[in-house]
Amino acid sequence: KCQEVESKALKVGKPGRPKGGGSSLNEAQQDKVQQCLNNTMPDQLMQPFALWTRQAVVFLIKDLFHLDMPIRTKTSAQLTTYTNL
């Protein structure tokens with residue numbers, strides 16, 4: 001019986017959210033953001049930034065989709081997904 005308890009206690013699943021889970025943007029919106037990041041600079045979109053930063057991406061998402069997203073919700077992994085780095 002101890003081995004059953006130990007095996008359940010030590011069972012390790014995949015950490016974190018499932019891929020694509022919990023995203024505020026749908027796939028089409030993510031594609032649009034990615035296109036903007038790959039094909040333009042923030043100043044070309046009349047943004048007050050010279051380069052793409054977390055703040056600039058949040059500004060872009062608000063401008064495109066009228067979604068308020070705190071900067072802290074944009075993790076490096078999400079930004080990497082958008083920019084294909």
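Predicted model: local features only at pLDDT ≥ 70, side-chain atom pairs only at ≥ 80, totals over all residues.
## Lysine 62 and its salt bridge

Lysine 62 is partly exposed, because its relative accessibility comes to 46% (buried is under 20% relative accessible area, exposed is over 50%, and partly exposed sits in between, using a 1.4 Å probe and protein chains only). Its partner is aspartate 68: the two form a salt bridge, with the closest N and O atoms 3.1 Å apart (a side-chain nitrogen of Lys or Arg within 4 Å of a carboxyl oxygen of Asp or Glu). Aspartate 68 counts as exposed, at 61% relative accessibility.

Numbering runs from 1 along each chain as its sequence is written, and side-chain values use heavy atoms, leaving out hydrogens and water.

## The aromatic pair

Searching the whole structure turns up one aromatic pair. Phenylalanine 49 and phenylalanine 59 have ring centres 5.8 Å apart and planes at 75°, so they pair edge-to-face (for rings of Phe, Tyr and Trp, the last by its six-membered ring, centres must lie within 6.5 Å; planes under 30 degrees apart are stacked, over 60 edge-to-face, the rest tilted).

Phenylalanine 49 sits in the loop between helix H2 (27–39) and helix H3 (54–65), and phenylalanine 59 is in H3, ten residues apart (helices are DSSP runs of H or I, at least four residues, numbered from the N terminus). Phenylalanine 49 is buried at 15% relative accessibility, whereas phenylalanine 59 is partly exposed at 37%.

How values were computed
Helix = DSSP H or I, 4+ residues; strand = E, 2+ residues; numbered from the N terminus.
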